[in-house]
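Visitor: Hello! Could you walk me through this structure, one step at a time?

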Amino acid sequence: MSVGSLRRLRAAALSSVVLLLLSACGGANSPGGGSGPDGGGSAVAPRTYRLCDPATVTRDALIAFFDAREGDTIQFCAGRFDLPTGLILNGKRGITIKGAGRNQTFLSFKNSDSAEGINASHADGLVIQGLTVEDTPGNGIRIYRSQSVTLRDVRARWRDAAGRDETQAGFTPAFQNGAYGLYPVESRHVLMEDCEAHGASDAGIYVGQTSDVIVRRCLATYNVAGYEFENTFRAVFEDNVATKNVGGFLVFDLPDLRQYGAKNVVRRNRSFANNTDNFAPVGNIVGLVPRGTGMLILASDQLEIYDNDIHDNDTLGIAVINYGLADPNQPDPRYDFYPEGIEIHGNRFRDNGGNVQLPDPERGEASVLPLLLKLKNLGFSAHIVWDGAEDAPNGCTQIPRDADGVALTQPNPARDHEEQGGRTDERGRPSLTREDPSPPCKWNAWKFGPGSALKHPENSVCIAEDNTYENTQLTTLLTTPFMRANITSSDPVQLVLDLLKPASGDLTPHRCDLPARPTPTLALPYVPDPSSGEARPDPDEVEQACESGTPGEVNRAALAYDCPRLDQYGLFADAADPTKNPNGGGVHYELNTQLFSDYSTKYRFVFIPPGQSATYRDHTARVTATLDFPVGTVIAKTFSFRKENASGTLLSENVVETRLLIKRQKADGTSHWVGLPYVWSGSGAARVAELRIEGGTASVEFDYQDPDPGVKNGDGSRKRYTGATAAYRVPAALNCLSCHAGDDREAGSAPIGPKARNLNRDNTYAGVGSINQLQHLKNLGLLAGLPADAASIERSPRWNVPGSSGELPDSAADVHLRVRAYLETNCMHCHNPAGGASNSGLLLDAYRTVNVQYGICKKPVAAGRGSGGKSYDLVPADADASILPLRVASTEAGVKMPPMARSLAHGEAVNLIATWVDTVLPTPDTEDEQVCMGGGGIGLPLSVTDVAKAYAQSGAAPTSEDQRRAITVPLLP
């Protein structure tokens, strides 16, 4: 073999596009050198990645998920595979992930460092089929903001403490289990069929904030909620089975989320013997679902329930309730409390209500509700329970408007709200979404006719005569077909008045008919078009570009490729030292507040192409905006662990990894960012960094002074960090997307840190001295559009330097601004309206008024065991009762936040956040304390009290620094 051939083989083996060695499993195809398609055909021919070897499956899977193109299949062979980290798919269309069948292929994440098993975002045309995902710390399979998705023959399950699965006697689900089994959210055109979910501490099969959905022929057991539709539109549950859950089927509409739901159908399902004791973590929404609930409907509109078998559920068959039982003071003016347009017909009820759940002090006052209902029904339960609440005119005359200022009752082709069926429904209800400005009041005039009478039947609860009711057991002989409970609100005064009203079993007012609900429009099957994606580069092409560099210059030709070694890009004068002396006009920079990464020391450099410049942008462009970098920009960040002597002199430095973000241009002219991790090995001049698509772990130690002399201990001495971790995580290339990808940023792994306000600080440069970083970039011709006085623009505080906010050091305002800077850098990239955690409803973008959406007295959504048994994200004056400090302090997968990039707790930040909660956030008044600070109230599912009303201002970005600094407003009477 020639030397040239050997070089080509070596390059092919190391390149990111040729890293995957396909395991031999029943005649697996060769990867063709790793860059072309299997068999050496067309560059756009679909490829199948066969993953069969348990010894290499983690590495092989991570590379396959990174390398896969449209039309490709990632196939797991039959067997059990233990995966120590989650699998992420982001921004890839038309991918199929498949196993040999859910009873043959098992992916175990019991020892994973990630919350999810499979986490797919912006993955249009995704198909997952024929496998089981087990024992994830968080959710089983999460699908986020994707269209035309199919989950078929898939199972998510959690084993119990004894290792038993749901089929074995004695199986006992636990609150430590992950929250959701199968979990599409903020998506569209979703088909789930022949799937299973068992043991989820929230919902087994969940679809949230999603339009056009069919869930059919699935099985859910031993979950808190077997199935849940939450804020869904045009969704159907059909031919499914729910048994041994706490509650069988839940159809909820909740406030403060991306969209509101309507026009759903629950048909031909079996919901029986859902009598498992509630094991959800205290504080979670579903933790308040009564044991023995067949179906629970909360604030959902235009729902049709028919041809279902609902039997042997201990508390009730179907409950229809309004949000006033949860929180009569909920301030979201977009949100409608009342379930209206409900039609229940042709169902078969048998032996429900024979063992109504008794109050549980651990679950709070909400657990009293089933007993109250029974008492109001003269000691008996009912197959169908309606709370009896109906809306009334509220005097609001201001019709909600869209972002263009056009009333939603008027046409606006630019904002057609098509995902919600139009700008208004046929009743006149406005289809409000998060993108619409918050209206000044809750407009409900569309519901009422002459004399302010509620329009019927379109806003009624209709219960047809063709439902059948059968009581065959001694305990259910006196269960009534129906009860109008006349318990309409958890407000203490109203609740007392309601308890004095008699219940009613009269079905006469409910004999009404409603129009058929529309059928979901599924854009399926998705037909992949491999020719529409990026072709895989030829191995010779990769080798030629990566080996063509000139010493002392950036190898710009190589930036279009994933080179196997970092030095091939020519970024640093010393190929073995990425901490200094960048080539090609590279510029070192620091951030005012940085992401915490296990106390690593970071060296940051930006390389902007010659003759080009970045463009200045600040938060007025969007709250997450960074500088706008041109194609060809490289951002390099090296992570090391230092050991210094007592005076701060370096003794040794362990350089572990260098991460690159490269902005590339696609064949279609669009640009995107690619994130690549390079891991260092060797020593001295022989040190080399090699591409590690699959990431890795390292054991590290550190003992050094904070390089910022402004960071001090309480006694005024320089802050020093000493410690170690055996689990420092080098992220897989896919993991970059978890934080760096979002609808609010450029495509791919877009930068997070280099926002103008975070770069606005002085740095020292050779031959220049100390100068503002932004001004320095401008002087070099690398930044355009900077205001004349760079130092006058907004500056983010250094979170750990008192007084860096411009306020009196350690004053309430100073602590507040520094905590917000920390949360912006460490959390806001996901927790913003366009970020990956928007479905949680917790929004930490830096200019948002601190209100319920910022976590004040906000019940957790999608937190699972991450709630830690606590009821609210932030409880003013009580950090110990707040979820946010708990999650920042945790190192446990499925609990810790951020969910990756660290194995240690950032103790200094946790302490500052606790101080902020305990001493800075306004203390609720006495009435509030009963609900938020005391953890009481009915609380299902989002108790927000007057303190939230006090903060209830627009969530839009303020235009002035004064508004951003404001942390208190007078409490409303």
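Predicted model: local features only at pLDDT ≥ 70, side-chain atom pairs only at ≥ 80, totals over all residues.

Visitor: With which side chain does the side chain of Arg 429 make a polar contact?

Guide: Leaving out residues up to four places away in sequence, Arg 429 touches several residues, including Tyr 260, Gly 261, Thr 424 and Trp 446. Asp 253, Asp 301 and Asp 336 are also among the residues that Arg 429 touches. The polar contact, at 2.9 Å, joins the side chain of Arg 429 to that of Asp 301.

Visitor: How many salt bridges does a search of the whole structure find?

Guide: For a salt bridge, a side-chain nitrogen of Lys or Arg must lie within 4 Å of a carboxyl oxygen of Asp or Glu. Searching the whole structure with that in mind gives a total of 64.

Visitor: How many residues apart are Asp 153 and Arg 102?

Guide: These two side chains meet in a salt bridge, with 2.7 Å from N to O. Asp 153 sits in strand 10 (residues 147-157), while Arg 102 is in the loop between strand 5 (96-98) and strand 6 (105-108). The pair links distant parts of the chain, and the separation is 51 residues.

Visitor: Is Asp 314 buried or exposed?

Guide: Asp 314 forms a salt bridge with Arg 291, and their closest N and O atoms are 2.8 Å apart. Asp 314 lies in the loop between strand 25 (309-311) and strand 26 (316-321). Because its relative accessibility is 17%, Asp 314 is classed as buried.

Visitor: Which strand holds Arg 642?

Guide: Arg 642 and Glu 653 meet through their side chains in a salt bridge of 3.9 Å, N to O. Glu 653 belongs to strand 37 (residues 650-665), eleven residues from Arg 642. Arg 642 itself is in strand 36 (residues 634-644).

Visitor: Which residues are linked with Arg 80 in a network of salt bridges?

Guide: Here salt bridges join up into a network that includes Arg 80.

Note on methods. Residues numbered from 1 in each chain as written. Heavy atoms only, no water. Polar contact = N/O pair within 3.5 Å; in protein donor to acceptor, adjacent residues only side chain to side chain. Contact = heavy atoms within 4.5 Å. Helix = DSSP H or I, 4+ residues; strand = E, 2+ residues; numbered from the N terminus. Buried < 20%, exposed > 50% of the residue type's maximum accessible area, 1.4 Å probe, protein only.
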